[in-house]
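This report describes contacts between side chains in one protein structure.

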Amino acid sequence: MASKRQLGECTKSNKKKKINNWEETAELCRVVRDENVRRAVKEAWSMKSHYTHGDLEFDCHPFPHCVIKNFIRSENFLENLQRELLTLNFHAKSNDLYKFKQSDDLRKRTEPHISGVRSALFSQFRVWLEEVLGVKLEPTVDISCAKYEYTDILLCHDDELEGRRVAFILYLVPPWLCSDGGSLDLYTTDGHFQPQSVVKSLVPSWNTLVFFEVSPVSFHQVSEVFSQNKCRLSLSGWFHGPSLERPPRHTGPLVSRSEHLPRDETLLLEWINPLYLDISYQEQIQEEFEESSEIQLKDFLREEKFSQVCEALQLAQIQWTLKGPANKRCYAAACLDTLPECVSACWELLHSEAFFLLLSNFTGLRLHYLCPVDDNDDDDGGGENKDKQKKESSEKDEQAASSSNETIKDSEPSTPKCCGELRRWSHGNYTLLHDGEAARAEYALDLILPFSCAGWQSEFGGFSCYVANEEDEELLTIYPEDNSLALVYRDKETLKFVKHVNHKSKNDCSSRVFYDFSFVYYE
């Protein structure tokens, strides 16, 4: 009797186990199962030509990609798949590159339709891809679900990561219009393998699979979603295999730096709030700065000077240049020789010898030869960074001395310098973290002075974020605030970016705009 009960319990358990592991079959469309189509796509891929047949379209411009409509045959399967996906837990993801919601890895999910589409992609369709590419793909399963809603975005990138060979996206969206945003934008590239411009935009549509080859030129983005009542739901991932050979990454030219302009303290008296010229108040500022390595000085310029600059920035005479490439930055920078007189004078202020000395008094950094040498640097909050900087500098000098007889020249103190620009921020602008920036990172003092940002809200984006290298955690965020001078001292492990300015910044049919002077000072 006991044996029968155990047998019954075991049978019940097995039934339950079978139910949990039950998988719905996702039957792929006829065009994928057509051998003639497969051979034609393989030939088009190898010849880098265009091919269309029914619901399938393959193109090599600007890089190899393919669109297959009606990818899964059963509408009932798709509707059940969508329901299962929407019950998953989604996590908000946001950094310099993107903002959207993503599920956990779907590799081990047991829902029948999720496991069914996973099997179809990484078994049947993977074999089809192998035959088309002529490359053996790994059985690695790399798939997740993403939800893009109003103002969500994934900015320009190439998807290159060790092992990724083909990227794919399966759309499960409601009827979607170009005006809803959320398109998959493909970029052309220049001779340095840097993105140039969007030449193709693929609008999401229900049950459409898009895949493309991951390569040094596969730059793409998911454009910002403008619809406030639609969800761009998709499955996406990568088929892994041997990576394509990548040329050395291009590093752009260094931004030129210059010494201070010979201007005396009368410029400070003319432009700066008298409060900040008081020596005792400067000492308080320095004490606070050395404690936290950052500070914001409100109402920094005299009110009448600030107003003059705000008005002048609206003048049509200023010529603006779009700064790129898109995988690093997108904002407008002013051509200095077109600045109105008062804006040019403000530029000179931030570049002047007197201002270098003022910054030295604010921060304790040696940005001027008159700045006193503090023997107790190690005792304050900013002393650790300075001591580390001195140590690294000393080590470099020792290495140079071992290979050169010019030890006296190497040990001479460097001349403080700066570089800067006047920037205009509006909808669609941003800066990104990138490998070149991390490689060139050094100790520096950042200055940001915003104009015309009254009414600007944090949800619009456009704020400056400081993060530790190779970490997503934000160390500091600076929001645009009129006439508030921000000073931040960063080390070699600290990087910065400006968050994408999103659609919320648009007011009716126009786009809100603000400006800032952005300078970097080096000891």
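Ring pairs join Tyr276, Tyr281, Phe300, Phe306, Trp347, Phe355, Phe356, Phe362, Phe451, Phe517, Phe519 and Tyr521 into a cluster. Rings of Phe, Tyr and Trp (its six-membered ring) pair if their centres lie within 6.5 Å; planes under 30 degrees apart count as stacked, over 60 as edge-to-face and the rest as tilted. The model is predicted: local features need pLDDT of at least 70, side-chain atom pairs count only at pLDDT 80 or more, and totals for chains, interfaces and linings use all residues. Residues are numbered from 1 along each chain as its sequence is written, and side-chain values use heavy atoms, leaving out hydrogens and water.

The count of aromatic pairs comes to 31. In one of them, the ring centres of Phe125 and Phe239 are 6.1 Å apart and the planes stand at 50 degrees, so the pair is tilted. This pair links distant parts of the chain, with Phe125 in helix H5 (residues 112–133) and Phe239 in strand S13 (residues 232–240), 114 residues apart. Helices (H or I, at least four residues) and strands (E, at least two) are DSSP runs, numbered from the N terminus. Phe125 is buried at 0% relative accessibility, and Phe239 is buried with a relative accessible area of 0%. Here buried means under 20% relative accessible area, exposed over 50%, and partly exposed in between (1.4 Å probe, protein chains only).

Trp320 and Tyr515 form a tilted pair, with ring centres 5.7 Å apart and planes at 35 degrees. Trp320 lies in strand S15 (residues 320–323) and Tyr515 in strand S26 (residues 514–522), so the pair ties together parts 195 residues apart in sequence. Tyr515 is buried, at 6% relative accessible area.

Turning to charges, the whole structure holds 22 salt bridges, each a side-chain nitrogen of Lys or Arg within 4 Å of a carboxyl oxygen of Asp or Glu. The table lists some of them.

| Salt bridge | N to O distance |
|---|---|
| Lys200 and Asp59 | 3.3 Å |
| Glu160 and Arg246 | 1.9 Å |
| Asp516 and Arg423 | 2.9 Å |

Asp516 lies in strand S26 and Arg423 in strand S17 (residues 417–425), so this bridge ties together parts 93 residues apart in sequence. Asp516 is buried at 3% relative accessible area, and Arg423 is buried at 7%. Salt bridges that share partners also join Glu27, Arg33 and Arg73 into one network.
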